[in-house]
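User: I'm new to reading protein structures. Could you walk me through a few helix and ring contacts here?

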Amino acid sequence: MSDEPTEPSDPDQEPAMRDNTTPDEPKENIVHFNPWRDFNDAAPQIDVFGDEPDPAQIAQFMQVVFGYCDGLIPVRSFIDKGQGIDGRPHNIWLEADHSAPEKMATFATWASREGAAVYVIPGTVAAPGQAKATDILQMQTVVVDLDTGDIAAKRAHLERHLGAPSMVVESGGVTAEGQRKCHVWWALTEPAEGDDIARVCRLRGDIAAKVGGDMHFRSAHQPIRVAGSVYYKNNLKTQVRIVELNADRERDLAEFIEAVTDMPPAPGVSLQPAFTHPDKPAMDDVLVTPVREGAQDDWSRFEGASAAIGHFIRMVHEGRMTKDEGWIGICGYNAAMLRPQWPVERLKRESERLWERHVEKHGPPLIRLDSGAPGPVEMPAFTLGALLDDQSPMPEDIIAPRVLTPGGLLVLGGAPKVGKSDLLICWLVHMAAGVPFLGFTPPRPLRIFYLQAEIQYHYLRERLKQIALPPDVLAAARDTFVATPKLKMLLDNEGSVRVARAIRTAFPDAPPDILCVDPIRNLFDGGPDGGGENDNTAMMFFLKERVEVLRDHIDPDCGVILIHHTKKLSKHQVKEDPFLALSGASALRGFYTSGLILHRPDEDASERKLEIELRNGPALPSKLIDKVRGQWVEINPMNERLVRQDIGARHDAERDRKNQVVLGMIFDEAAEGRLYTATQFAEAFENQHDLGGRYSIRERLSVLATKGLIKFRRSFTEHGYAGTQSHFGYLVIRDMRFGRDPVIDTDTGEVLAEGVAVLPTHYKCPHSGRAREVENPSVWVYPEEVHD
């Protein structure tokens, strides 16, 4: 059990944070409490030798938890258990600004004198009196409460997989094994808002589930002790202490979600599909366990009936049951499990009360998506002979060859910044235009709905304008490619209804051929149990109850493309089985009909490799692709090194280094007033700067001349360099200047440059190798396909 305040037994009840003796609209944040109003008639005994609040730790705590937030901080104090005194809770709301630490320290000092603990909700709200989960506007931390078992081992597991935390606070309690309970905090790079708050809360629950922490922190409004305040409980008085502080350690929310997803459960922790309250019976137990009047069982008839009614209300509200089915379920529970059962009038009254509260809290009920095509009454089954004798033509591929088939599911995975969104947009636009792309061919122009949740509107239109696509492709896809800007929603039942309406509006005459969801993570709904992407049960719920139901509602033959992130694997693991890199549950790989993985075989090279796995067709070889002049192209794998790739890359780098050294030396020598022919340069700098012998240097000069990086000047008589016997002349590079004498503007006296510009008169023909005259010495021209 946690020593923090927990939720009431009613599943729809929020913990109250309102002092009825406090004015509704205080003029200042700190006047909510009155030092003259004690919790009881007699002043408590003060231990003068006990720990006192520490303003320095309170300030550090407030900076980590609220340093970036705006709004009001809900603060609560009440008498801890085991002191033999009672009192009313006191609540204040502090402005999240520079004065918050000082005001919190003042409140903690007052609470300490009264024998009361101090808690905050680690998020901000808009107005005094607000403290429900739906009131939270910003949260900038992720926290887990470790209050049972081997605390040290759990902390070590978290640090091993998630890195050092921003702060660790010993809450004051001690486990049965004698270890100090603690709160582990990770600060985010920016406050979470809107739907990101739900992700933070889900993340808190996932971390707690994987290390055996307190699951109450799945709720946004769960209070937690303030570091630097005083802990009173069971005749123990001690300070809530910060024992580790890394205030500059901040985490990006998306990257942190991926790290938690990849973190395995701690030793001895068994993940269950449903994360239930440790002090509440699981819903499965509630629905099948009889409960008698007079509190003879573990929970009362009211608690059991409220939990069961709340369960069926949520099922109806989410569209998973009709109202009639929900009422039948409530009546069935009442008849079977309540001893004696409630009167129908009371059952109706309680159901209507909870329904009104649920609708007020969560909005109007949702319309359940009906299947686009009703399933057959009987399960289809065919004999071997019937299958062999069926000569009907195969269904036409949505994307050939068998990459996306009617009713199929394609998953495209790739690491962040590998270019999968850019590749995906180019691919979809080509499919919408009916034009082949990288060997993938549509049968005709396809209708595509691109449901994306990463790029905001203005940056989406900017990206689409920047992508180098042929004008005819863009013209053909203008009306058949429809994209959404960044969405702040989950693909739950409400989100599915919104998407279905948007698709019907975008394509009123005929359903789309392809529905693309980018990425899974930002729209993932693990169902009523709240599981994450790494939970096979949650992943199967998302695929079957969200993706498939939505697809069947749109068109059973519609193809679905899901975009997903990959986790880090070694090069050997990627080579052995690249599809193991897909983040999340293994159920995803067993469910899709086609899988594509985009990755870089060499991090220092621009080429990407597209691995392909098909369920409905013969295996396809992987594709080596790259962007050339802004367009994705397939590269002939015969041009790729097959053996000793690392050594070849080092040789390439060494040749590039020598080229830069040679060009730099020619430039520097000219600045000192020295020009060279190719032969004289090779002999003068033999075995210097690791350039090798004179023949190696001559070869480098010849290559650079062919590429147009070196040209020649036959004579420089005005500075003492007469014509040479060399076939080409003196070595010249771009922007080279002779000497360091200043060049002065005669009109203004301004120093324009140093030295005299050396312009070429001849260049080496890249085809014949002979000297040719330069047409315009002032314009440096490179041979075709060669760039500096």
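Predicted model: local features only at pLDDT ≥ 70, side-chain atom pairs only at ≥ 80, totals over all residues.

User: Are the axes of α4 and α5 roughly parallel or roughly perpendicular?

Analyst: Helix α4 covers residues 195-211 and helix α5 covers residues 253-262. Their axes come within 10 Å and cross at roughly 25°. Angles under 35 degrees count as roughly parallel, so α4 and α5 are roughly parallel.

User: Which way is the crossing of α4 and α5, left-handed or right-handed?

Analyst: On the α4 side, the contact includes V200, L203 and I207, and on the α5 side it includes F256, I257 and V260. By class, that contact has seven nonpolar, one polar and four charged residues. As for the crossing of α4 and α5, it's left-handed.

User: How far apart in sequence are the parts that F524 and F542 tie together?

Analyst: The ring centres of F524 and F542 are 4.9 Å apart, with the planes at 40°, so this pair is tilted. F524 is buried at a relative accessible area of 1%, and F542 is buried too, at 0%. F524 sits in the loop between α15 and α16, while F542 is in helix α16, so the parts tied together are apart in sequence by 18 residues.

User: What kind of aromatic pair do Y676 and F685 form?

Analyst: Y676 is buried, with a relative accessible area of 17%, and F685 counts as buried at 9%. Their rings are 5.6 Å centre to centre with 65° between the planes. Planes over 60 degrees apart count as edge-to-face, so the pair of Y676 and F685 is edge-to-face.

Note on methods. Residues numbered from 1 in each chain as written. Heavy atoms only, no water. Axes fitted to C-alpha atoms, helices over the stretch in contact; angles between N-to-C directions. Helix = DSSP H or I, 4+ residues; strand = E, 2+ residues; numbered from the N terminus. Parallel < 35°, antiparallel > 145°, perpendicular 65-115°, else oblique. Left-handed = near helix turned anticlockwise from the far one by under 90°. Contact = heavy atoms within 4.5 Å. Nonpolar A, V, L, I, M, F, W, Y, C, P; charged D, E, K, R; others polar. Phe/Tyr/Trp six-rings, centres within 6.5 Å; stacked < 30°, edge-to-face > 60°. Buried < 20%, exposed > 50% of the residue type's maximum accessible area, 1.4 Å probe, protein only.
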